[in-house]
Amino acid sequence: MKKLTLLFILTIACSQLGVFADSSYSVQSLPTPAGIVCEVTGLDYSDDGTLYICTRRGDVWAQKNGDWQRFAHGLHEPMGLLAGPGFAVVSQRPEVTRLVDEDGDGTADRYETICDQIAMEANFHQYNYGLVKGKIAGNLHGILSCSGLSKPDGSPASANGFSPIPYRMWSYQISPSGEFRPWSSGLRTANGIGKSPQGELFAADNQGDWVATSMLHQVEEGDFHGHPAALRWDQNFPFSQDPKSSPIDLLEKMRKPPAVHFPHGELANSPGSPVWDTTGGKFGPFAGQMFIGDIVHPRIMRVALEKVNGQYQGACFSFYHAEGLKAGICRLAFSSEGELIIGRAGEGNWARGKPDSGLQKIAYSGTTPFEIHRIELQNDGFLFHFTQPVNQVIKLDPKNFGVQSYHYPYGPNYGYPKTDIQKIVPTRVEQSLDGSTIRVMIPNLEERKIYQFNLPELKDPDGKSLRNPVAYYTLNELLEN
Amino acid sequence: MGNLQSCSSYRFELNKPFHDPLLFEIAMLRFLFLFGMVGSFACPLFASKSNGNEPTEKDLYKASGCVACHRMTQDHIGPSMLAVSEKYAKDPNGVLTVLHSLKDGAKGKWGNNVMPPQSHVSEQNLQLLTNWALTIKDSPHLESWQKEELVTQESNTVLSTDPPLNAKYSLPENCVGTVVEVKNEPIVYRTYLPGASSRAIAVGLRGGISYAFDAKLCKLLYFWEGGFLDFEKSWTGHGGWYSKLMGTKIFEAPASFPLRMGSKQNPEVKFLGYRTEGELPSFLYQINGLSVEETIGFDADNRTIVLSFKVSDAEEPIYFDPGQSSSIWSSDDAVELKGFWKVHPEKRKNFSFLVQVK
């Protein structure tokens with residue numbers, strides 16, 4: 001019996017190393033504090049290299065040299081965390097709180113209210129997502145989720161989003177003195193907020209009513225991102241009746257189009273918060289690009305943005321899917337070694353039947369993957385940039401580029417399908433002399449469309465296929481001539 | 001099987017034992033190793049089911065809150081279920097004695113801790129629980145319950161029967177599914193609480209005594225006895241709902257704000273946070289701009305609530321309003337006037353009020 005036990009233990013130990021790999025990226029599960037339900041809803045490194053996580057059940061844990069210690073406890077569903085040396089700042093349901101370790105014993109002994117001017121009530125949907133530092137030192141930014149409609153026993157009565165109390169469905173700023181300032185409106189339930197290396201804020205709203213598919217927004221002060229229920233708190237909004245019954249073309253004119261759409265069901269159902277690759281090459285050839293995970297799919301996506309006429313738009317791709325990666329991906333952070341640390345929260349109704357929470361990481365092997373690096377809009381089509389040159393012996397056939405266009409309608413329905421799907425054969429495809437780019441010329445390029453490409457036939461000089469052959473480019477603005 | 005609606009809510013935790021397939025594998029292997037001979041493959045972390053689907057008395061014992069004070073085999077705030085069955089199973093008056101204790105409360109039979117009347121449990125369920133309690137010492141699951149609880153005590157956690165993979169943590173609370181209980185050190189937990197604003201803070205003290213503080217009103221709301229909280233509606237399913245008090249309320253604070261600075265009625269309060277490093281947690285807030293630190297404690301010997309206030313820079317008189325109830329308040333730091341107390345000037349920086357609880 002003992003030998004059998006030992007054999008089992010060894011097998012399990014090996015599987016715990018759990019490195020599932022393609023030649024460029026591998027994923028591994030990381031140990032979390034044992035014996036707790038570790039739904040990671042906040043993830044950040046302090047300057048001294050300590051990893052801080054917060055959990056949905058209210059803990060903050062700190063990991064130093066592999067050992068976990070509980071830093072704080074008893075928070076009300078924190079959904080965002082920023083770490084400093086000896087302190088952490090969390091966004092929890094009732095407030096944004098600073099947790100301070102005054103006596104240096106590794107646990108917080110002071111729970112300071114930074115800002116409690118956050119309207120909240122008992123409701124299954126009123127999350128306080130966060131948390132990033134603003135452009136000016138001392139400012140913090142987060143997002144207040146919509147309220148759900150609940151039955152007397154607290155269970156959901158409707159899947160739609162409501163804003164019954166001030167500034168639900170708005171992003172917010174908190175000043176250094178703790179003043180709450182509404183920032184942008186119309187976000188149904190954007191789970192998390194990220195700040196680019198250029199200091200710009202982005203958040204991904206989740207598909208639902210008025211949100212046709214999950215979509216990435218640049219979040220700037222004064223923006224309206226689409227969900228009209230939020231407008232009742234906008235003093236500048238011209239209509240005094242229920243904003244949801246406003247004419248849709250008025251709302252459409254007001255809203256800032258999303259930078260990128262994540263097609264529902266095939267790419268993401270419920271994205272978390274974005275991070276940017278600032279590893280300077282330690283994570284591969286995507287320096288400066290954005291990564292974002294999904295709660296429902298075991299997938300991390302990559303986003304390559306460009307600015308056209310002053311507005312962000314661009315392409316998204318699947319980056320890592322399954323192969324050991326688990327679902328419930330909520331928060332991401334890069335370690336100083338250039339690994340992508342993944343915080344997962346998937347219990348209760350978030351799990352869709354499969355309980356899943358904890359930590360994983362994706363590491364880069366050093367072998368450059370063969371991928372579409374980014375897609376650059378042209379006057380007459382798109383210029384594809386690749387991480388490796390494309391095999392020039394292959395004769396490129398426009399029919400093999402799997403091009404289609406569609407759009408996602410804007411309206412009150414709980415999600416919309418891809419609409420007006422058109423299959424497109426490019427007029428011409430041209431490879432550059434060095435093979436690193438391909439021009440794809442599209443007849444009659446249109447604004448406010450998503451162009452989807454499926455490029456499975458391309459190979460690099462070693463005969464490797466594209467690691468992720470499908471790309472989705474959100475085209476909001478055409479180049480001005 | 002009586003009123004067991006609340007039991008169904010436990011099935012979520014019961015039927016999804018482990019959140020990591022790896023832990024599940026290790027656990028199953030241990031069970032096979034230990035219980036292969038006996039042929040029992042039931043996971044002892046969860047209620048053994050007589051026919052797989054019906055809620056059992058063990059579900060009822062959890063749903064009624066007994067688990068907060070009575071472990072199956074290890075003494076805790078109250079005697080273990082095993083100890084109760086050993087004492088009363090052979091006693092001809094045993095059933096009646098236990099039933100009586102459950103209905104009317106008990107004190108002194110097993111030490112100093114008090115069991116309040118279990119008035120939230122129906123007559124029928126009390127009978128079921130009593131009958132079941134006396135069978136514990138003869139149960140075939142006894143050994144597995146003992147194993148589970150000994151590992152639990154050692155590792156300070158109860159969600160897994162395995163020893164921690166990392167260094168052991170010393171946590172001040174126990175967590176059985178969604179039921180949290182206090183061991184020896186107080187714990188502070190923000191959650192939605194019944195009868196409170198949405199900014200509610202629960203504090204669990206030792207001995208099964210807990211209280212609710214309202215961070216919007218900056219005042220004590222009530223005390224309860226018998227355990228801490230069940231976070232089921234906060235943590236599971238769609239979440240975001242009220243946590244449940246384990247036990248019964250023993251004190252309701254007056255609705256009015258207790259302190260008056262000078263003659264100002266209804267002072268403006270601003271919550272600043274709380275500190276946890278002292279013997280008791282203390283709340284920090286401002287009253288009309290004056291900083292206050294309030295500590296709330298419970299003297300178990302005298303069954304007395306102690307409210308201690310530290311007010312910085314208090315230049316005006318401070319009055320304490322005990323409210324309209326029949327509670328008996330006392331203080332060494334203030335003089336009682338008509339319906340109000342006036343804090344002695346030299347005590348303004350640090351004064352306490354005590355109130356007797358039944």
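Q: Leaving aside its neighbours within four places in sequence, with which residues is V60(A) in contact?
A: This is a predicted model, in which local features need pLDDT of at least 70 and side-chain atom pairs count only at pLDDT 80 or more, while totals for chains, interfaces and linings use all residues. Residues are numbered from 1 along each chain as its sequence is written, chains are lettered from A and ligands numbered from 1 in the order in which they are written, and side-chain values use heavy atoms, with hydrogens and water left out. Taking contact as heavy atoms within 4.5 Å, and setting aside neighbours within four places in sequence, the partners of V60(A) are Y52(A), I53(A), C54(A), Q69(A), R70(A), F71(A), A72(A), L75(A), L81(A), V90(A) and L99(A).

Q: Which residues touch the most other members of the largest nonpolar core?
A: A nonpolar core is a set of buried Ala, Val, Leu, Ile, Met, Phe, Trp, Tyr and Cys residues joined through side-chain atoms within 4.5 Å, where buried means under 20% relative accessible area, exposed over 50%, and partly exposed in between (1.4 Å probe, protein chains only). Of the 55 residues in the largest such core, those touching the most other members are V60(A), L99(A) and F223(B).

Q: How many residues does the second, separate core hold?
A: Among the members of this second core are A315(A), V403(A), I424(A) and F453(A). Its size is 29 residues.

Q: Is T55(A) buried or exposed?
A: T55(A) is found in strand 4 (residues 51-55) of chain A, strands being DSSP runs of E with at least two residues, and helices runs of H or I with at least four, numbered from the N terminus. Leaving aside neighbours within four places in sequence, T55(A) is in contact with I36(A), V37(A), C38(A), E39(A), T41(A) and P78(A). Because its relative accessibility is 1%, T55(A) counts as buried.

Q: Which are the edge strands of the open sheet of 8 strands in chain A?
A: The order of this sheet is 21-22-23-24-35-34-30-31, with antiparallel pairing, and two strands pair if DSSP finds at least two bridges between them. Strand 21 is joined to strand 22 (residues 290-294) by 4 bridges, and P271(A) stands opposite D294(A) in strand 22. The strands that pair on one side only are, in chain A, strand 21 (271-276) and strand 31 (419-424).

Q: Which residues of helix 5 of chain B are buried?
A: Chain B has 9 helices and 21 strands, and 54% of its 358 residues count as buried. Helix 5 (residues 81-88) is mostly covered, with 6 of its 8 residues buried. These are M81(B), L82(B), A83(B), V84(B), S85(B) and Y88(B).
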